[in-house]
Amino acid sequence: TIEILDGLEAAHRVGVVHRDVKPSNCFLSAEGRVKVGDFWLARSLERDVQLTRSGVFLGSPLYASPEQVRGRQVDLRSDLNAYLAALGAFSPYFPLWLHDRGLSAAAISGVMSLWYGTRIVSPLVWGHLALHSPRPARWLRIGALAALACFAGFLLPLPLAGIVLAMAGYSFFYNALMPQFDAITLSHLHQRPHDYSRIRAWGSIGFLLTALLLGSLFERIGIAWLPAVMLPMFGLLALCAWLNDYGPGLHAGDVARESLLAGLRRPGVVAFIAAAFLMQVAHGPYYVFFSLFLEDNGYRASALGGFWAIGVAAEIVMFWFAARLLARFGGVRLIRLCLMVAALRFAVTGLLPQSLPMMLLAQLSHAFTFGLFHAACMQRIARLFPGRLLGQGQGLLYGLGSGVGGVAGKPDA
């Protein structure tokens, strides 16, 4: 505990507030010392930066997509914006809420492990159920309502056992939703899966804005309000699930049903899942240690947020223009390209940390290693799993690729 406080004091001396201290962000070095890492949410105090002005309304616009704020028709962008906005609120701040409830470090670690564990199981289960249902969109709606109901449990003064049960239910249902949202999106695009990236860009924007704005909000009202603040997001998510259904692409393809094992036996599927797994494993240490790595190599605290912002901005820009690249080169070629870019990116990061131009170039390559790679995966999944198989294909990708890969890539896993 003393070493953690020493690390935070050192950050405060250079004008940085961590804002996401939790067990998984504290690491034991080879010398046996505890170090604080993952400064993704850190806030620089060197400049008086205000994310919002006094009098600005911070209600539902935090949760709604831009077209909803402007009163336009709700569409597929709202699905992804609502889902990832909720994720942007949950991922950074929920462990802080657990700490505020008085849970010990061991209890917080146990509760959060349910989040990562269900990422492997629930996409596979929900994809299988949707595939064998005459109305597959029903399972998306059931999942959204169940996630809303389970999260509402956090409003109650639950003991630890109650928090564990609510977390298990919420994590299971929420992690089942993203593959189904993606499947619905691809079924509407049908013959144009390369256009997915522009829709997905709104999800990244929603995640980024929500994470940033809620940080400012919770500094003012306190983290204890997190369940009440987030609950309208899940209501919006359930509404979006109810308003959308599968498109004409649902009826494409010759196969209506197949087992998970049969899906893995499809030509090219194992190699595709392996590529997604390896990319997730590669990014695990980066997400956890990158800020600490920059600090150890002499970068000022104010530069840390800049590096992360460059990566997110590059991701959003790539999502906006990826459709042209996918239409010209195809998903398989671009997946191979992204894997090569990832190898170069992390080699440059590890070998040339003192070169600012090379480090900036490495961060810009996040456009390829996450943005373009994800868009190419969506095009590839639409080719490998046409029609009604889309949901199950998404479940395989998220469960075995992102789920298992994400857990395997976490340094503290």
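**A note on helix packing in this model**

1. Gln 180 is found in helix α7, which covers residues 177-189. The model is a predicted one, so please read every value here as computed from it. Is Gln 180 buried or exposed? With a relative accessible area of 2%, Gln 180 falls under the 20% cut-off and therefore counts as buried. Leaving aside residues up to four places away in sequence, Gln 180 touches Trp 126, Gly 127, Ala 130, Leu 140, Tyr 246 and Gly 391.

2. Now for the overall picture. The protein has 16 helices and four strands. Of its 413 residues, 51% are buried. If you take the contacts between residues at least 6 apart in sequence, 79% of them join residues at least 24 apart.

3. Let us start with α4 and α16. Helix α4 spans residues 105-131 and helix α16 spans residues 390-409; they pack at an angle of about 170 degrees, and their axes are 8 Å apart. Because angles over 145 degrees count as roughly antiparallel, α4 is roughly antiparallel to α16.

4. Next come α5 and α6. Helix α5 (residues 137-152) packs against helix α6 (residues 160-175) at about 155 degrees, with 8 Å between the axes. The two are therefore roughly antiparallel to each other, and α5 passes α6 in a left-handed crossing. From α5 the contact draws on Gly 143, Ala 146, Ala 147, Cys 150 and Phe 151; from α6 it draws on Ala 166, Gly 169, Tyr 170, Phe 173 and Tyr 174. These residues divide into eight nonpolar, two polar and no charged.

5. Helix α5 has another partner worth a look. Which way does α5 run relative to α9? Their axes come within 9 Å and cross at roughly 170 degrees, so α5 and α9 are roughly antiparallel to each other. Here too the crossing is left-handed, with α5 passing α9. The contact of α5 with α9 divides into 15 nonpolar, one polar and one charged residues.

6. Finally, α9 itself. Helix α9 (residues 226-243) has 18 residues and reaches 26 Å from first C-alpha to last, close to the 26 Å expected at 1.5 Å a residue. Its buried residues include Val 229, Met 230, Met 233, Phe 234, Leu 237 and Cys 240. An α-helix has 3.6 residues a turn, so residues three or four places apart point the same way.

7. Leu 236 is found in helix α9, and at 15% relative accessibility Leu 236 counts as buried. How far apart are Leu 236 and Ala 144 in sequence and in space? They are 92 residues apart in sequence and 9.6 Å apart in space, C-alpha to C-alpha.

Methods
Residues numbered from 1 in each chain as written. Predicted model: local features only at pLDDT ≥ 70, side-chain atom pairs only at ≥ 80, totals over all residues. Heavy atoms only, no water. Axes fitted to C-alpha atoms, helices over the stretch in contact; angles between N-to-C directions. Parallel < 35°, antiparallel > 145°, perpendicular 65-115°, else oblique. Left-handed = near helix turned anticlockwise from the far one by under 90°. Contact = heavy atoms within 4.5 Å. Nonpolar A, V, L, I, M, F, W, Y, C, P; charged D, E, K, R; others polar. Expected span 1.5 Å × (residues − 1). Buried < 20%, exposed > 50% of the residue type's maximum accessible area, 1.4 Å probe, protein only.
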